[in-house]
Amino acid sequence: MNPAQYVQEKAAASGSSFYYAFLFLPQQRRAAITAFYAFCREIDDVVDEVSDPGVAATKLAWWRGEVAKSYAGEPSHPVMQALMPCSAEYGITQAQLLAVIDGCQMDLDQTRYLDYAGLQRYCHLVAGVVGEVAARIFGQTDEATTAYAHKLGQALQLTNIIRDVGEDALRGRIYLPVSELQQFDVKAHEILKRQYSDRFTALMRFQAERAHRLYDEALAMLPEADRRAQKPGLMMASIYRTLLREIEHDNFQVLHQRIKLTPLRKFWLAWKMQALGRM
């Protein structure tokens with residue numbers, strides 16, 4: 001399996017909504033975003049799939065070294081071999097890749113966030129920087145698009161957090177800020193034990209309303225000049241916001257299950273944005 005095949009398989013196997021947004025890109029840009037996405041998956045998998053925190057930290061340290069070696073012209077992992085030819089063309093920097101690793105390192109170092117400001121820093125590293133790189137690959141021409149990409153990344157990540165409350169609790173992680181759990185009188189042990197309540201529903205409704213505001217703010221920030229080029233990001237916004245509405249419709253039953261959209265529905269939402277420019 002060559003590097004291009006490896007990253008393609010990594011991206012497709014994840015089942016992520018991102019994959020559907022890549023389908024409509026020209027081949028060169030699709031190759032670049034697929035390689036970058038595969039890198040993000042590799043880093044994310046270290047934290048999610050390695051149960052021993054010490055082993056996971058060692059693996060992240062290896063990836064830091066691999067990034068440094070790659071930018072020195074010696075990539076050894078197939079993901080970096082696929083990504084490095086695209087890095088100069090699309091302005092993907094070593095600092096951006098290390099920021100993604102820093103974000104996943106936070107998952108090893110802490111399982112709670114005291115307030116929303118702390119959670120925002122995490123979202124910046126694992127989603128905002130990813131959005132920034134993706135916007136460049138998609139064909140950004142206006143500097144203002146970077147702010148849009150960061151805001152959209154934050155909205156997508158908050159949607160992930162809402163969807164994955166139950167799964168994250170199984171790993172002992174609660175991303176919902178402690179100050180907001182206190183505000184709604186939801187105890188951490190209730191989430192860890194997957195106990196629903198009206199208080200939990202109110203807390204989740206508060207999180208969903210914040211995510212919707214972020215989607216609205218992001219869309220308002222996208223310069224008209226880049227709207228066509230940034231269609232893959234708009235596809236993601238459409239897919240994830242539809243997922244968020246499904247979660248709301250299901251009254252935030254996220255502790256015991258992972259609510260999903262079908263592959264066909266994701267493809268339809270992506271096609272609708274590509275062909276009709278509509279969410």
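I looked up Phe267 and found it in helix H14, residues 263-276, where helices are DSSP runs of H or I with at least four residues, numbered from the N terminus. This is a predicted model, in which local features need pLDDT of at least 70 and side-chain atom pairs count only at pLDDT 80 or more, while totals for chains, interfaces and linings use all residues. I kept in mind that residues are numbered from 1 along each chain as its sequence is written, and that side-chain values use heavy atoms, with hydrogens and water left out.

Phe267 is partly exposed, with a relative accessible area of 36%; buried means under 20%, exposed over 50%, and partly exposed in between, with a 1.4 Å probe and protein chains only.

**Cysteines**

I searched the whole structure for disulfides and found zero, a disulfide being a pair of cysteine sulfur atoms within 2.5 Å. For Cys86, the nearest cysteine sulfur is that of Cys40, 13 Å away, and Cys86 is buried at 11% relative accessible area. For Cys123, the nearest cysteine sulfur belongs to Cys104 and is 12 Å away; Cys123 is buried too, at 1% relative accessibility.

Because 17 of its 23 residues are buried, H7 is largely enclosed by the rest of the structure. Just after H7, Gly139 takes a positive phi of about 120°.

In helix H5, a kink of about 35° lies at Met84, shortly before the proline Pro85. The buried residues of H5 include Val79, Leu83, Met84 and Cys86.

**Salt bridges**

I counted 18 salt bridges, taking each as a side-chain nitrogen of Lys or Arg within 4 Å of a carboxyl oxygen of Asp or Glu.

Glu66 and Lys69 form one of them, at 3.9 Å from N to O; they are three residues apart in helix H4, residues 53-71, so about one helical turn separates them. Glu66 is buried at 1% relative accessibility, whereas Lys69 is partly exposed at 38%.

Which distant parts of the chain does the pair Arg258 and Asp164 link? Arg258 is in the loop between helix H13 and H14, and Asp164 is in the loop between helix H8 and helix H9, 94 residues apart. Their side chains meet at 3.3 Å, N to O.

Methods: Helix = DSSP H or I, 4+ residues; strand = E, 2+ residues; numbered from the N terminus. Bend = angle between axes of the 7 residues up to and from the residue.
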